[in-house]
Amino acid sequence: MSTSTPIILSIESSCDDTSAAVLKGKELLSNVTANQKVHKAFGGVVPELASRAHQQNIIPVVEEAIKQANISKDAIDAVAFTRGPGLLGSLLVGTSFAKSFAMVKNIPLIEVNHMRGHILAHFIEDAHKLPKPKFPFLCLTVSGGHTQIVKVSSPSDFKIIGQTIDDAAGEAFDKIAKIIGLPYPGGPLIDQHAQNGNPKRFEFTHPKVSEFDYSFSGLKTGVLYFLQKEIKNNPDFIKDNLADICASVQHTIVSILIKTYRKAAKNEGIKRLAIAGGVSANSGLRKALKSLEETDGFQTFIPPFAYCTDNAAMIGIAGYFKFLDNDFAPYTISPQARLSVSSI
Ligand code: KG4
Ligand code: ZN
């Protein structure tokens, strides 16, 4: 084993994706994810079903990741896993697997904070060869469970500058999609329909919150009341205006996200702006962030699609930085459903 280029097996099972990856140092060798279709019919993730599906998927997913990495199990120097935040039953599956693997092989175990993983995904070395942000930088983490502006001063120094006081941005996309009648997860579908719509057709009000925070629950209610009113006049209103509704909703969420992010960046005096998490796959958000390069001279960092939604590659790179610090977890460790990005 070379301490600067360890081979790390990483496991992610915090929500409804079972994922395993292999990294050699910062270089990604494989990243395999099994999505769970079982939740579609329920309009959201059902925790009990997610745990069961993780239990079924974890062995084949890990086997496939090791096969694609073209390494032997004996070459693995450490195992990194998502300790939290997430659904406890889901986290237990990945945690138990990682602990067992590390114990049997007598190798170090590394606990990773899922939200730090999303952010540190920017440092994965792969075929994209994208420029990496220098420290300190800001990251807007936007997922199904989180919406935060985080100041990242090093791979182990994270400070929350602002965050949502109610729903996360991804949750807003998914809940509004559900109101419109789109299946879970609705975020990517709103994005798809928005491509053909007019983003200025319908106007929704922005929330009033303290300077660097967010709120999305009012928007969800606003869209619901708006649609109920319109449907009274035209029962087919949603069907007739789907693209414009999606484009307008997306435009509103993206504008809210970017406006506050820009303000926070100016206040912090930081020019490097990244995005991370599932909603960073959104085409409107990617475009709006990029446009800040021209308007404000920011340097922006947008992750490849493969690292936006949940994946184990991001857990592997976060684990790599901890490996360099000899920051290992005891084999007695247990997962934590609630875990702040500033804590581990
Ligand atoms: O990071 P992630 O995979 O899981 C969590 O940690 O929550 O994020 C999932 C969220 C879901 O709310 C999903 O609807 C949203 O990311 N999402 C999108 C897009 N792709 C995924 N939202 C808007 N536009 C997209 N293209
Ligand atoms: Zn996530």
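1. H118 in helix α3 and D310 in the loop between β10 (299-301) and α9 (313-324) are 192 residues apart, a pair that links distant parts of the chain. Helices (H or I, at least four residues) and strands (E, at least two) are DSSP runs, numbered from the N terminus.

2. On conventions: the model is predicted, local features need pLDDT of at least 70, side-chain atom pairs count only at pLDDT 80 or more, and totals for chains, interfaces and linings use all residues. Residues are numbered from 1 along each chain as its sequence is written, chains are lettered from A and ligands numbered from 1 in the order in which they are written, and side-chain values use heavy atoms, with hydrogens and water left out.

3. The protein is divided into domain 1 (7-128 + 307-324) and domain 2 (137-302), with bounds taken from an automatic or database domain assignment. Their C-alpha centres lie 27 Å apart. The contact (heavy atoms within 4.5 Å) takes 17 residues from domain 1 and 22 residues from domain 2.

4. Between them, the two domains bury about 1600 Å², 75% of it on carbon and sulfur atoms; buried area is the accessible area (1.4 Å probe) that two parts lose on being put together, summed over both. I119, H122 and C308 supply 36% of the area that domain 1 buries against domain 2, more than any other three residues. Helix α3 (residues 114-120) gives the most to this side of domain 1, with 5 residues.

5. Between domain 1 and domain 2 the count is 0 salt bridges, a salt bridge being a side-chain nitrogen of Lys or Arg within 4 Å of a carboxyl oxygen of Asp or Glu.

6. Most residues other than glycine have a negative phi, and most peptide bonds are trans. A cis peptide bond joins G84 and P85, with omega about -5 degrees; P85 lies in the loop between β4 (78-84) and α2 (88-105). Another cis peptide bond joins F135 and P136, with omega about -10 degrees, and P136 lies in the loop between α3 and β6 (137-142). N106, in the loop between α2 and β5 (109-113), has a positive phi near 55 degrees.
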